[in-house]
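User: I would like to learn how to read helix packing, nonpolar cores and chain contacts in a structure such as this one. Could you take me through the features one at a time, with the general idea before the case?

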Amino acid sequence: MLFNSAEYAVFLILIFFIYWFPLRSSMRMQNFVLLVSSYVFYGWWDYRFVFLLAFSTFLDYYTGLKIEQATTQRMRKAWLVLSVGINLGFLGFFKYYNFFIDSFASLLGQLGLQPNIWTLNIILPVGISFYTFHGLSYVFDIYNKRVKPTANFVDYAVFVSFFPLLVAGPIERATHLLPQVQAPRKFDYAKAVDGLRQILWGLFKKIVIADTCAEYANTIFNHYGDYNGSTLLLGAVFFAFQIYGDFSGYSDIALGSARLLGFDLLKNFNYPYFSRDIAEFWRRWHISLSSWFRDYLYFPLGGSRGGAWMRIRNTFIIFLVSGFWHGANFTFIAWGFLNALYFLPLLVMNKNRSNLDIVAQGRTLPSIREAISMLVTFVLVVLAWVFFRSPTIQDALHYLGGIFSPDLLQMPQVLPKMVLLLIAFFMLIEWIGRERHFALAGIGLKWKRPLRWGFYCLLALLILSYTGKEQQFIYFQF
Amino acid sequence: MKSFLLKAGLFVIVLLALFIICGIDLDSSRHDAEYMAAVIDKHHKLDETPGRRILFTGGSNIAFGLDSKAIEAQAGLPVINLGIHVRLGLSYLLNELKAVARRDDIVFLSLEYFLDEGNYKLKRRMSAYLPGSAGYFTKDIAGELDYYFDRKFDNIKNNRQLLFSKLTSLGGPASSNNDALYARKGFNASGDFVAHYAEPQPGEIQERGKFTYQHWEGIKKLNDFYKWAQANGVKVFFLYPAYPATEYEKNKEVIQQYHSDLKKELLVPVVGRPEDFVFDDSLFFDTIYHLNQEGIRQKTARLLQLIAGYIS
């Protein structure tokens, strides 16, 4: 069930009414309804996935309790290792088995051996990387005594499988979401309206921006040999807006849906394309994953405590693992590696935390220096996306070679000005709203209702006029 | 909560009203050029052709599968190709024939395998081009509602493109070659689709999954039609569609069962066997039912051998 489908709209309305009308006085029943609806939502893709989700949920629930009950540190560690091992085992099997087998076969092939390799036709369960990380964060937090395990299985299962975040995040923490699941919820008018606005903006990002850019990005990336440098650059820019509109649009719909039900989820995007350096970009892009890796990998590895070399080593590890998390392909690892390289000068010069504020805060326009910094960062990010989008490293290198060719200064062969106009409108709204939790949150609040509703209707009509070519959310495959 | 629901409801009503207003068709002339509008020309040709005629009907297998002029030259009778789209469904095609066939006409039914009842929106759309065709299918309320919203969405998309092109004088997104190819002007005067003759093959032909055998309900409808044809002096014959060799191999058993059922139960004389219409994959254009120019030439030549005895 895609967020940008009529099925989801009906589903959400139905859950909203059941949740707030007959059940509003019973938190237990509300949680039960959330659990059942989340499993229905997940089973909509393939009912077999539900069993895997249920097993993963039970495993982390049980090991969480066992870690808490363990009387010795050794037993605590044993239960943690068991949970991590099984979780990563599942993830590794479903996501990486064929990748490792193929890579191993290729390596043996290069050594002149012809092994009889056994690959499997494995279906990747949608969202497995997300809910595995949910569960892992729970057991890690219990092990590190940041959170107490819940004895209520339904509460825990809702925390893991809550439908707005189940298939593509944000990757929640038990410290943030579990207390909300365990507390009674009252309908909050302002929160619900805000949620609807966020859903509207998310749909605009996904259907109008991402899916439209996808058409052109796909054409250019799939036939990159036919295009000149400027067209290839434009193709990469279209992909940059496709993936941003797609994933942040998804996150907005997720956060908006959760707000309708009285929950606040973690913010996942914070206007990343207005970043002034790559470190700031990574503080603003897929925040819940970056912070997950920071807390559960970077810090345990020593973080930045061991001097410059330790910091550099740990940063590279984080980016490589983050790249690999995205998919079983060397292109994702290369993408992570390139971002780590971008990061390197900032680390060496100790400037990776120099842009912590909001760009041009309180001003309408950025300074020239800020504008140039944003442009340079954006170009670096766009070039890295080429690895993310290309099917192989070779394709990515050819694509980049095509960009940096003499015909980069020629007119693009594909110039859909209407799409560029839409992107300009989108970025304008994002710029205006960059100090809010989502771009549309503050726009029009002081306008008279007919004008404000007119603006929302305009967005809704634009969305409706672009429906029909819905594409799957990119991050569902991760 | 009450206030929230009231305002949300009001917003939905305002949005729905705007949707209906913005869904008014501001550029109805564009429909004249659409692929399905070829039905107007085909019916015009039917009306203006006096005397005996040879009519071919079916889905796009026959639209993309016949050289009517070559048949005409051998038969000495005018040939009209009524094929447009498989999703118009069997009953629609048969009702169309009942409305247009005359005494002594010769009708060839070239039907895609296991042809079903098609798509309501498509049939409904045809009635916008040819009001008389509204009688070829039964209307239903759910279908009408679906059609209404479908048209509104289509009009809103088109109006948005119009608005953007006016605003920027830049035009909407360019249609793909395939969209431009599938147009009313792609048919010749006899109703054969010929626009793809000069086009390169767009890529791999679209495959179909494997057929699962089921007794075809269409046999009964064809038998009823045959009785009508007998009573009205119309000669009717059944033809198999052109089919790619690899697809045929994949579905051979099921197609042979289908053929066996037809031989046993169908009153309409069946001309040839399924394998008579199997052609090399390279002779197909974009889908498994659409022949390219050389494919059409070869199929028409084979067809002429098979039907020679029936068209004199």
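Analyst: Let us begin with a rule for directions: an angle over 145 degrees between two axes counts as roughly antiparallel, and an angle under 35 degrees counts as roughly parallel. Please keep in mind throughout that this is a predicted model.

User: At what angle do helix α3 and helix α4 of chain A pack?

Analyst: Helix α3 (residues 47-69) and helix α4 (residues 73-110) of chain A pack at about 165°, and their axes are 9 Å apart. α3(A) and α4(A) are therefore roughly antiparallel to each other, and the crossing in which α3(A) passes α4(A) is left-handed.

User: Which residues of α3(A) and α4(A) meet?

Analyst: From α3(A) come A:Ser56, A:Leu59, A:Asp60, A:Thr63, A:Lys66 and A:Ile67, which meet residues of α4(A) including A:Arg76, A:Trp79, A:Leu80 and A:Phe90. By class, the residues of this contact of α3(A) with α4(A) divide into seven nonpolar, four polar and three charged.

User: How do the axes of α4(A) and helix α5 of chain A cross?

Analyst: The axes of α4(A) and helix α5 (residues 128-143) of chain A come within 10 Å and cross at roughly 170°, and that makes α4(A) roughly antiparallel to α5(A). Among the residues that make the contact are A:Ser83, A:Val84, A:Asn87 and A:Phe94 of α4(A), together with A:Thr132, A:Gly135, A:Leu136 and A:Tyr143 of α5(A). The contact of α4(A) with α5(A) has nine nonpolar, five polar and two charged residues.

User: Is A:Gly64 buried or exposed?

Analyst: For burial, the cut-off is 20 or more other C-beta atoms within 10 Å of the residue's own. A:Gly64, whose place is in helix α3 of chain A, has 26 C-beta neighbours inside 10 Å and therefore counts as buried. Leaving aside residues up to four places away in sequence, A:Gly64 touches A:Tyr138, A:Val139, A:Ile142 and A:Pro149. A:Gly64 and A:Tyr143 are 79 residues apart in sequence, yet their C-alpha atoms are 8.0 Å apart in space.

User: What is the handedness of the crossing of α13(A) and α14(A)?

Analyst: The crossing of α13(A) and α14(A) is right-handed. The axes of helix α13 (residues 308-326) and helix α14 (residues 330-348) of chain A come within 8 Å and cross at roughly 155°, which makes α13(A) roughly antiparallel to α14(A). Among the residues that meet there are A:Phe316, A:Phe319 and A:Leu320 in α13(A), with A:Trp335, A:Phe337 and A:Phe343 in α14(A). The residues of this contact of α13(A) with α14(A) divide into 15 nonpolar, six polar and one charged.

User: Which residues touch the most other members of the largest nonpolar core?

Analyst: A nonpolar core is read as a set of buried nonpolar residues joined through their C-beta atoms. The largest nonpolar core has 127 residues, of which A:Phe159, A:Ile209, A:Cys213, A:Ala236, A:Ala240 and A:Trp385 touch the most other members. Helix α10 (residues 229-260) of chain A gives the largest share of this core, 18 residues.

User: How many residues does the contact between the chains take from chain A and from chain B?

Analyst: The contact takes 17 residues from chain A and 18 residues from chain B. On the side of chain A that touches chain B, α9 (189-222), α17 (417-432) and α18 (449-465) each supply at least two residues, and the largest share, six residues, comes from α18(A). That side of chain A has 13 nonpolar, three polar and one charged residues.

How values were computed
Residues numbered from 1 in each chain as written. Chains lettered and ligands numbered in written order. Predicted model: local features only at pLDDT ≥ 70, side-chain atom pairs only at ≥ 80, totals over all residues. Axes fitted to C-alpha atoms, helices over the stretch in contact; angles between N-to-C directions. Helix = DSSP H or I, 4+ residues; strand = E, 2+ residues; numbered from the N terminus. Parallel < 35°, antiparallel > 145°, perpendicular 65-115°, else oblique. Left-handed = near helix turned anticlockwise from the far one by under 90°. Contact = placed C-beta atoms within 7 Å. Nonpolar A, V, L, I, M, F, W, Y, C, P; charged D, E, K, R; others polar. Core = buried A, V, L, I, M, F, W, Y, C linked by C-beta atoms within 7 Å. Buried ≥ 20, exposed ≤ 12 C-beta atoms within 10 Å, placed from the backbone.
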